[in-house]
Amino acid sequence: MKWRIKILIAIGIVVIAAIVIPVIHHYQLKAEVNAYIAQLKAQGEPLDVAQVIPPPVPAEQNDAPAFLKIASKVDATWDVLESNRPPEMRMIAPGKAMVGWQQPDVRSSDGTNSWREIQAALNQADDIIHTAQQITNRPQLDFNFDYAEGFDNLKITNFIVLRRSALLLAAHAMFNLHQGDAGVAANDIHAILLEANAMQHDRLEISELIQIAIANIASATTWEILQTTNVTDDQLNELQQDWSRFNFATGGVNAQEVERAMGELTLAGWRGSAAGLNPYLSIISRAQASLGMDTDDKSFWSGLKIRSKAFLWRYWWSYPDELRYLKGYEASLNAVRSTSSGVSFLDALQAQNKALDGLHVSSMSDDDYFSILLQDLDFHWLMSQSIDDLSSLNNKIMKAETAQNIVVTAIALKRYQIKYGHYPTNLDSLGPKYLPGVPTDPVNAQPLHYRLNAGGIYLLYSVGENGKDDGGNPAFPKNYRGSNLFWTSNIALDWVWPQPATTEEVQKYYANLGRPN
């Protein structure tokens, strides 16, 4: 009998250990996360949604309802100009852009439109353009997001309407520049910039990205108006003030603080019940359906596999997942915050990436995304897989801040040229009437580079993402065969404010249009 008792005791010990050890491990993981959260709160980090949501905008100052009224009209008329709009600052070679409004027609690889056809298309969207010009009389856009409801209930499609309305305004500006009416074009650009600035109220990563996208539209259209001879100092001064109001770094901090707090809410909901994860997991099925993939696997074993992983995540895997998530946000927020105190973006992003590397965060490959669609999602990274996007966001903020400083400087240079008939020999000459001081290159926290070349043509540039002054060389790698030559590309040597392409360069570009690389 003794050996049987011993066996039973041994089995009992194993069973108890099998129960107690995972429970102990659960509470150890939970304690580690709670200790880190307490540390963040002691440092003054806002982790509750109530601490970070913006105050509501008074109704008389809110343009959002008016934008929502034209939303359906924008969708209905967008296809008119989607395929072949007038090109703002189309880059046709590194450092060289086509002056779109000077061209006799509007060409792309998809076809050619006459300016009369562009005018007809704009006439169909005239009420939308007029409304977009008028509603920016009020200073903010508040779409009344309920941040406390988490990500699943946010309706972010309104931001797409904002971008499309900005593109319509840009097309309208280009047409009027072609007609010689710089005043109307300046009003269009003014409206685009007010629209982008008004977006600073809503604090989401997507709103920050759309704001940057609209600012890119405005920078390209601003470049176009700077190529005219009939724009006035007053019109340029207004645009310069519009551009000076942006603060992309502050917007990035606000968005990340909100999304971190919302992520904590979402994670608590997922962890709180098995049903809490269902909305997220259903995204996989919807993504499969949208790609025409087979989503009919309802087998017992398939369901059991998902439920088992969800169970393991809720009680064990979610805690290191949450810890990586919070540490990733801390690294990203520290980086973008530090730039406000004079740290260069290069140094800030280097510190951020070092911290993220310590968390073993890396960009997801195409194979990783494909495995997610095949429901082979790694449950260890349900939340923390998203923090790699923060590196991309901060990189875009660096580009936006740099472009802003360069555009403001380019406008000031044009105003100086209008006044004196030539450009200054250095940027110091712009102060204090046209600029309060020499603008900084956010990439390396040094002054922007400027040089007046022979023939009165100036060179204005940032050192770009490589952090090295290549003398204002906008070149791309020799083996680059792509068509995207945007001046702030991450592979350009320097970020050079483009010069207008010559007639010969434009003709060569058109001759090669549509040919394979």
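## Strand 8 and its side chains

A residue counts as buried when its relative accessible area is under 20%. Keep that cut-off in mind as you explore this predicted model. Strand 8 covers residues 458-462, and five of its five residues are buried. Which residues of strand 8 point one way, and which the other way? Y458, L460 and S462 take one side, while L459 and Y461 point the other way.

## Partners of strand 8

Let's look at the neighbours. Strand 7 (residues 449-452) pairs with strand 8 in the antiparallel sense, over four bridges. Here R451 has L459 as its bridge partner. Five residues sit between the two strands of this hairpin, where G455 has a positive phi near 85 degrees.

Strand 8 also pairs with strand 9 (residues 495-496), again in the antiparallel sense, over two bridges. In that pairing, W495 of strand 9 stands opposite S462.

## Backbone details in the loops

Now for some backbone angles. Where does P432 lie? Its place is the loop between helix 16 (388-420) and strand 5 (440-441). The peptide bond that joins G431 and P432 is cis, with omega about -5 degrees.

N144 is not a glycine, yet its phi is positive, at about 55 degrees. You will find N144 in the loop between helix 6 (126-135) and helix 7 (158-178). With a relative accessible area of 58%, N144 is exposed.

A445 is another residue other than glycine with a positive phi, near 60 degrees. The loop between strand 5 and strand 6 (446-447) holds A445, which is partly exposed at a relative accessible area of 31%.

Key: Residues numbered from 1 in each chain as written. Predicted model: local features only at pLDDT ≥ 70, side-chain atom pairs only at ≥ 80, totals over all residues. Heavy atoms only, no water. Buried < 20%, exposed > 50% of the residue type's maximum accessible area, 1.4 Å probe, protein only. Pairing = 2+ DSSP bridges.
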